[in-house]
Amino acid sequence: MTRRSVILGSGSALPARRLDNEELAKQVDTSDEWIVERTGIRSRYIAGEHETTGTLATAAAKAALAAAGLEARDIGLIVLATATPDQTFPATATKVQAALGIDDCVAFDVHAVCTGFLYALTVADSLLRSGTATKALVIGAETFSRILDWEDRGTCVLFGDGAGAIVLGAEDGERGILATKLHADGRHNDLLYVDGGPSTTGTVGKLRMKGREVFRHAVVNLAAVMGEVLDLAGLRAEDVDWVVPHQANARILDATARKLGLPPEKVVVTVDRHANTSAASVPLAFDTAVKDGRIKAGDVVVLEAMGGGFTWGAAVLRY
Ligand code: UT7
C-alpha cells in the first residue's frame, strides 16, 4: 500500500460584494463586451473593509473542515498560499490557526502568486507523507483588489478576491495525490509583478502585467506541465475526468485543453463568476465542482496553474 494525501473535504469563501462588468465600466474606461470577449469574465467579488485574506481563508477553512467532518484540533499543518497577506508578517496561516482556535500546529505561508496553491499542495503532500502531520489544511486566499491599479484598465478588470481550502489526510490506498510537478523561471520577473515591497520601496505597490506575453507563456507552459504530471502518474489524457485550471482567462483554458486534446466539457470554468483570484482560483473552482456534483469520488482530477515569477505547476489526484 502506498501512503498518499487524500482530499477529505473542501470549502470556499467569497466577499459579500459582487461587482459585475457593467458596474465596473461606470468607474473604468472599459465595456462588458470587451471584458467578456477577451477574458470570459462577467463578474468578480471585492473584499469590503472588514474582509481580508485572513478572514476569507478562515471561512474557507471552516467550510472545508465541516465538509471533512473534522474538528480544528485534528489539524497538524496549515499551508496557506497568498501573495496578498494581511501583514508582511506574521504569516496569514498563523492568523487562520488562531481564528480556528488551534493551540499548536505547523503553520506557514507560501508565495508563488497564481501558482501558490499548487506549491502549497506539493509542500503539504510531502510533509504529510513524511509524517510531520496526519491532517493538513491547504488554503489559497487572496485580496488582489487591494494591489490593483484601478486606473489601469488592462489589469484591474481581470482580478477578484476569494479563498478556497481543502483538508488533506494521509491514508494508505489508491486515492489521493498521485503526482505533482512544479517549475519556476525568474527570467520573466518583469512580465507580471508588483511595483513595491517592504525591502525596496517600503510600500505595498500595485500589480503590473504585460498581458499578451504572459498569455503566450501560459498556454505553452500549462500544456507542457500537464503532460509532465500525467507521465509521472503513468496516466494518459483520456484517463482524466476533470481539469481544474487556474482561472485567468477563458481563452487560456480553451487553448490549453485543446493542446492536450481534452474536450472543453472536462474543464471546470469559474472565471466568468470569480475572475482571476490568483492562489485562490484553483481551490475555489475545485470546491465549486465538488459542491455542484461534477467531481465525484474516484474521479481523476488534474489541477494546474501559472503565475508571476514565472511559476507554474500541476498535480494529478484520484478524488
Ligand atoms: O494569473 C496570471 C496569469 N495572467 C494571465 O494569464 C493573463 C494573460 N493575459 C491575458 O489574459 C490577455 O493578454 C489580456 C486579457 C490581459 C489582454 O488581452 P489582449 O487580447 O492581449 O489585449 P491587449 O492587452 O493586447 O490590448 C488590446 C487592446 C488595446 O488597445 P489598442 O492598443 O489595440 O488600441 C488595449 O488598450 O485592448 C485595449 N484594452 C482594453 N479595452 C477595453 C486593454 N484593456 C482594456 C479594457 N477595456 N479593460
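How many helices and strands are there in the protein chain? It has ten helices and 13 strands, where helices (H or I, at least four residues) and strands (E, at least two) are DSSP runs numbered from the N terminus.

**View 1. The whole chain, as predicted.** This is a predicted model, in which local features need pLDDT of at least 70, side-chain atom pairs count only at pLDDT 80 or more, and totals for chains, interfaces and linings use all residues. Residues are numbered from 1 along each chain as its sequence is written, and side-chain values use heavy atoms, with hydrogens and water left out. Along the principal axes, the C-alpha atoms fill a box of roughly 55 × 45 × 40 Å.

View 2. Of the 319 residues, 56% are buried, meaning under 20% relative accessible area with a 1.4 Å probe, protein chains only. A nonpolar core here is a set of buried Ala, Val, Leu, Ile, Met, Phe, Trp, Tyr and Cys residues joined through side-chain atoms within 4.5 Å. The largest one has 49 residues, and Phe 144, Leu 262, Met 306 and Val 316 have the most contacts inside it. The largest share, eight residues, comes from α7.

View 3. Most peptide bonds are trans. Going from Phe 89 to Pro 90, though, the bond is cis, with omega near 5°; Pro 90 sits in the loop between β4 (77–81) and α4 (92–100). The bond from Gly 309 to Phe 310 is also cis, with omega near -10°, and Phe 310 lies in the loop between β12 and β13.

View 4. Most residues other than glycine have a negative phi. Ala 275 isn't a glycine, yet its phi is positive, about 60°. Look for Ala 275 in the loop between α9 (271–274) and α10 (281–291); it is buried, with a relative accessible area of 1%. Ser 278, in the loop between α9 and α10, has a positive phi of about 50° without being a glycine. Ser 278 is buried too, with a relative accessible area of 1%.

Notes
Buried means under 20% relative accessible area, exposed over 50%, partly exposed in between (1.4 Å probe, protein chains only).
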